[in-house]
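Visitor: I'd like to learn how to read a few backbone and surface features off a model. Can you walk me through it?

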Amino acid sequence: MKVWATLLLAITPAWATDWLPGVELYLAQGSDAPQSQRFSGLLGAEHRASGWSLNGLLRAEADQEDRLEPGPIDQQHRSPANRRVLIGERASAELRELYLDHRLGEWTLRSGKQQIVWGSTDGIKVLDVVNPQSFREYLLDEPERSRIPLWSLRGRRPLGDAGTIDWVLIPDLSFHELAGPDALFAITSPLLTPQGSLSQPSGLQGLLLTLSRTTSSLPVDSLAPAIDPLLIALAENLGGRLPPELLAAFAPELQTVTRRPRLSASTVEVGTRLGLRRGRNDLTLTLLRHHADLPYVTVETVDEGLEVQLDYQMTHTLGLQASRSFGSGLLRFEGALTERAPLPVVSLPGDDRRTGAPSYGVVLGYDQLIGDQSLLSIQLGALGAMMDERHIPANDHLPLVSLLWRDEWIRNRLTGELFTMATLDRGDALIRLRTALRLDDSWQLRVGGDHFLGDRQGVFGQFRDRERLIFELSWTP
Amino acid sequence: MRTLAFLMLALCSSFTLSESVRAGDDSTARALMTRIAERDEGHRQQAEIRFVLTPQRGAAQERTALAYREQGEEGRRLALYFESPRSLRGTGFLAWDGTEATQDRWLYLPSLRRARRIPSAERGAYFLGTDLSYDDMRLFGKVDLQDYHFVRAITVEGQPNLWDIEGRPVSEEVAKALGYRRAFWRVDARQLFVLEARLHDLQDALLKTVIFSELDSLDGIVTARRITAINHKTGHRTELQLSNIVNDAPFPAERLTPQGLEGGG
């Protein structure tokens, strides 16, 4: 309530404030049934004064189908100050932005709820890690919508023409939002994360089903408090191990406990970025002290039996970006090394193997402008973890390639974009097509489609039956 | 009398610039275009620009933007911050044009939340859906002396201050880069301003006409408040209306940097 009151107070002097309302109607139609029928209302406000400005954006939306976030919405991954206001199970309202821009000497400051984008890749997230992301539509939603804004303070100071220096201070400890186990885009690929099956009530059951994709048998004794004694007796005849899917069938629903870090001087996230420019070359160095946005997943023995625990832990990321333009072409590189990040594994009781490892992400991209408006961009990248025998085995390398083509026609009124991303080792892929027609200065129609290829274990193939067509009509005065 | 004075001026200029007159140039034409190219534009300018884009059929579309321009030793910098319509609000475009090594472009789209360096478009490419090319926007009524032979200059009958000048790209490569085979300029020798440019495509057919009107002298700097570009092939028309022009007043240096595009500058 305090946040809403602040917004209202901030935008009260309407004589100097630009009001920016908007309405969006969005339909995602799957091959079998509607996936999402969303109605969104937006209210933006911008107040400019000499030396400072204030921006706010409020978004309310209702999804008639309720397949993206079915059932009660869990917001444990968000800090209390960052949560959506839920209106039943199908509607919510969220303060997407509320920030003050002002100057302090040489520094330009932005304070408030905002998005901070330090990455510059398309689709493959390497350094765009300051804000967490909502995966309720996996990678299909627009980055602007899927990024979770954070209450934060950002400062920037130019270094003449040579570049800039930035810093951020983030007391808002919010993390990635994963689709629940019954959601349309629940993540099930063992290459990514087991947590998708853990968000909501299925607990151990979902976890075991996830493990069944990579493990043929599990030691029963570690799960004994939660397993039927009959099964334990059965397992004794099988060397103490049983297939995880069998265990899952008899597993009780366990409570999942999210252990959120408490806000303190040691848990506040901080970062700095130094951007240097010389002629056609850009070089940016980034250093972030932040929480990994995915939790470590452990099954712990507690008094009542077993408990699935999700822990968010602090880590450090070092990043490097470099680019050089060649006439109508641009070559760019982005790389990040994270001190320790959670692996897509679950630690069971008695298992002392490591569940986190140093991780890396690298992308080499080339953008080529063709003619007046056409842009062709190709990226080669890899995400991975540096593991050894001390770690619980997990996928340690994900090579990716992406292709983006963007064009404009009818004096920018019609735009088209085709984006495809594929794994180089498994060959599964995502194909995303979007066209947008600006009917006039207020109305815009977007039509597109998403298609997944590959096997169900893959990062894209897991959604092979989730292809869809989308239609969106938006109005802004 | 004024014509005579101008001719003397032109002759003096052509004498002092004799080393830079290219073979095939008409010395009077080059002298006049040189003086226009060297016209004082001030160091900085900021203005509000209203774009009206009118197709041959259909409704016109309007955009408004805040424009910042700076002429430095390393070349010209231009930034546009779009204010309306809502779908474009917050979009920023920045161009640094100087020597070959410092031609850079950045685009900021609110949906991306970052200023991204973009490959430089061809100089003759159309600028953000208008009928003006990137070069037209860069030069804003001036002509790059390196690009053309100025082959003819004749006075307009009955209007001694007005001259018609014909130019041709110095090479096939330049012609392709500009997208023009020939250009005809009507210039005001008194105000040293191009009033109209008629530009022919590579097939030498009339491609577009750009008209600079409502000339105004502010702080001793002549500025066209209205620029109209008509594409004769498509029937599309672009009109730029400049208002609230401020010359040589300080504005935050970040306005002309990629980081400034991201706001807060």
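Predicted model: local features only at pLDDT ≥ 70, side-chain atom pairs only at ≥ 80, totals over all residues.

Visitor: Where do I begin with chain A: how many helices and strands does it have?

Guide: Start with the secondary structure count. Chain A has 25 strands and five helices.

Visitor: And what share of its residues counts as buried?

Guide: Buried here means under 20% relative accessible area. By that cut-off, 52% of the 477 residues of chain A qualify. As for the surface, chain A exposes about 20500 Å², and 60% of that comes from carbon and sulfur atoms.

Visitor: Now the backbone. Which residues does a cis peptide bond join?

Guide: Look at omega. For the bond between B:S84 and B:P85 omega is about 5°, and that bond is cis. B:P85 sits in the loop that links β3 (75–84) to β4 (92–98) in chain B.

Visitor: Which residue other than glycine has a positive phi near 50°?

Guide: That's B:N244, and you'll find it in strand β13 (residues 237–247) of chain B. B:D219 is not a glycine either, and its phi is positive at about 55°.

Visitor: Where is B:D219 found, and is it buried or exposed?

Guide: B:D219 lies in the loop between β11 (206–218) and β12 (221–231) of chain B. Its relative accessible area is 65%, so B:D219 counts as exposed.

Technical notes
Residues numbered from 1 in each chain as written. Chains lettered and ligands numbered in written order. Heavy atoms only, no water. Helix = DSSP H or I, 4+ residues; strand = E, 2+ residues; numbered from the N terminus. Buried < 20%, exposed > 50% of the residue type's maximum accessible area, 1.4 Å probe, protein only. Areas by Shrake-Rupley, 256 points an atom, 1.4 Å probe, with all protein chains shown as cover.
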